[in-house]
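Visitor: I would like to go through this model with its definitions at hand, setting each value against its cut-off. Could you show it to me before we begin?

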Amino acid sequence: MESIEIGLVVSAGLLVMVILGMRVAFAAGLAGLTGLIWIFWAKKGYDPAQFMWALEVAVKTGGQVPHSKVASQALSLIPTFILIGYLAYYAGLTKALFTAAKRWIAWVPGGMAVATVFATAGFAAVSGASIATSAVFARIAIPEMLEVGYNKRFAAGVVAAGGTLASLIPPSAILVIYAIIVEQDVGKLLLAGFIPGVFSAIVYALLIIGMAMTIKGFGPSVGGFTWKERFAALPPAAPILIVVLTIVLFVYNPFGGEAWGTPTEGGAIGAFVVFLMALYNGMRWGEFKGALLETAKLAVMIFTIIWGVLIYVRFLGFADLPGAFSDWLTSLEMSPMLILVCILLAYAVLGMFMDAIGMMLLTLPVVYPAVMALNGGEMVSAADSTFGMSGPMCAIWFGILVVKMAEFCLITPPIGLNCFVVAGVRDDLTVQDVFRGVTPFFVADGITIALLVAFPSIVLWLPSLA
């Protein structure tokens, strides 16, 4: 059996294991190790006396991967970004953001839901974790929406969908993971996520306003706030600007010249700034310990997935499956844009059965080179490219599209993690309730993705300035 055939068989086995419920990290690690043993043994003609040699070489090859890849400085961003989110909760930023958004926005049709969307977008600017954002606002926003007469399913759907914005708006752990996998500039990718993230929030808000204006009694507006109350709500929420500016200035200096530091340094300083805010607002030892433990749990989960998948990726390299897939895609007599749309649709289907991070880690080693080949290669100029952008810009554009699809997968049944988190926080909600409430946002995400595909400048304008 040829190496490519071995790659296809092992990859099919990996998908079966994931669909049957095995954790992505362990399924990928097992598939990668099995594939390496198979390939090395095949080179020896399946000689029984050489099996132990193949096993030894495969274990050494796979064992070198976790340390060599995870020792990357860029990955240190992940725990700091997650920690910022948990500390921001204890610093009172979440409640302050929601209060400010409510007093300034709640007067529009569907105002409380719209305020929730923009509050989650604001919190996403200090949190790299969608799950944490959904959990926090399930406690804060849902009770207030229910109090003014919202359907509990839709209220839960607003929070679950709003939580996905943390995947795009920097600091974003998923964008960092994408940058590591495809070996692109972390800073430019984080910048690229800002406008699409805000754009997604605006599309969500317009959807809610449209529903409130056409469905009787759907989402009452909430008024009665004086200008004094509105301006009084701004100072408690203002510290979020300090954190955002700290991170942005360490990624991109808008005043010209070099950035003030690296994204890693920006993430660490951002976490320290939020830590000081939390202390000022009365965070106690138990709360600080809880934030550290939750950060460690989520970071370890992400790193474990990365370790397992990187072993599988090493196997794919030996099987030459990425190259074969790229050659096959570029040989198709179809429009490159149509092929790209089919890839995005495949992500939507795959996301129904896998978590976002696992899906990206498993597919990008094969899909990314194929998309770059469709555009003309990683070093192609904008003038000679298929999609009208240079290789590095295409990598950023495709990254935002993939992360947006990952956002979409966080709310799609049957394993949309944000929906499970919201249902877990609220005893009066089932997972089915949340999935039903989030359904309208599928339309909003579809519109957003279509516009990002049709108008790449939405994604590329900001990183092109860096």
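Visitor: How do you know that the end-to-end distance of helix 4 agrees with what its residues should span?

Guide: This is a predicted model, in which local features need pLDDT of at least 70 and side-chain atom pairs count only at pLDDT 80 or more, while totals for chains, interfaces and linings use all residues. Residues are numbered from 1 along each chain as its sequence is written, and side-chain values use heavy atoms, with hydrogens and water left out. Helices are DSSP runs of H or I with at least four residues, strands are runs of E with at least two, and both are numbered from the N terminus. The expected span of a helix is 1.5 Å times one less than its number of residues; the 14 residues of helix 4 should therefore span 20 Å, and the end C-alpha atoms are 21 Å apart, which agrees.

Visitor: What makes helix 4 largely enclosed by the rest of the structure?

Guide: A residue is buried under 20% relative accessible area, exposed over 50% and partly exposed in between, with a 1.4 Å probe and protein chains only. Eleven of the 14 residues of helix 4 are buried, so the helix is largely enclosed; among them are Leu77, Phe81, Gly85 and Ala88. Just after helix 4, glycine 92 takes a positive phi of about 80°.

Visitor: What does asparagine 281 touch, not counting residues up to four places away in sequence?

Guide: With contact meaning heavy atoms within 4.5 Å, asparagine 281 touches Tyr90, Ala91 and Gly92. Asparagine 281 sits in the loop between helix 14 (263-280) and helix 15, and its C-alpha atom is separated by 7.8 Å from that of tyrosine 90, although the two are 191 residues apart along the chain. At a relative accessible area of 46%, asparagine 281 is called partly exposed.

Visitor: How do you know that the span of helix 10 agrees with its number of residues?

Guide: The 29 residues of helix 10 (residues 186-214) should span 42 Å at 1.5 Å a residue, and the end C-alpha atoms are 42 Å apart, so the two agree. At the start of helix 10, a side-chain oxygen of aspartate 185 reaches to within 3.0 Å of the backbone nitrogen of glycine 187. That pair can be set against the definition of a polar contact, a pair of N or O atoms within 3.5 Å in which, within protein, one must be able to donate a hydrogen and the other to accept it, residues adjacent in sequence counting only if both atoms are side-chain atoms.

Visitor: Why is glutamate 183 called exposed?

Guide: Glutamate 183 has 65% relative accessibility and therefore counts as exposed. Glutamate 183 lies in the loop between helix 9 and helix 10 and has a positive phi of about 60° although it is not a glycine. Most residues other than glycine have a negative phi. Tyrosine 46, in the loop between helix 2 and helix 3 (51-70), also has a positive phi of about 60°, but with a relative accessible area of 34% tyrosine 46 is partly exposed.

Visitor: Why is cysteine 409 too far from the closest cysteine sulfur for a bond?

Guide: A disulfide is a pair of cysteine sulfur atoms within 2.5 Å, and the sulfur of cysteine 409 is 12 Å from the closest one, in cysteine 419, so that pair is too far apart. The structure holds zero disulfides; cysteine 394 is likewise in none, the nearest cysteine sulfur, that of cysteine 342, being 16 Å away. Cysteine 409 is buried at 3% relative accessibility, and cysteine 394 is buried at 0%.

Visitor: Why is threonine 412 called buried?

Guide: Its relative accessible area is 2%, so threonine 412 is buried. Threonine 412 lies in the loop between helix 19 (391-409) and helix 20 (417-425), where its side chain reaches the backbone oxygen of cysteine 409 at 3.3 Å. Not counting residues up to four places away in sequence, threonine 412 touches Gly351, Met352, Phe435 and Phe442.

Visitor: What makes aspartate 433 a buried residue?

Guide: Aspartate 433 has a relative accessible area of 8% and is therefore buried. Aspartate 433 lies in helix 21 (residues 431-438) and touches Lys152, Arg153 and Asp428, not counting residues up to four places away in sequence.
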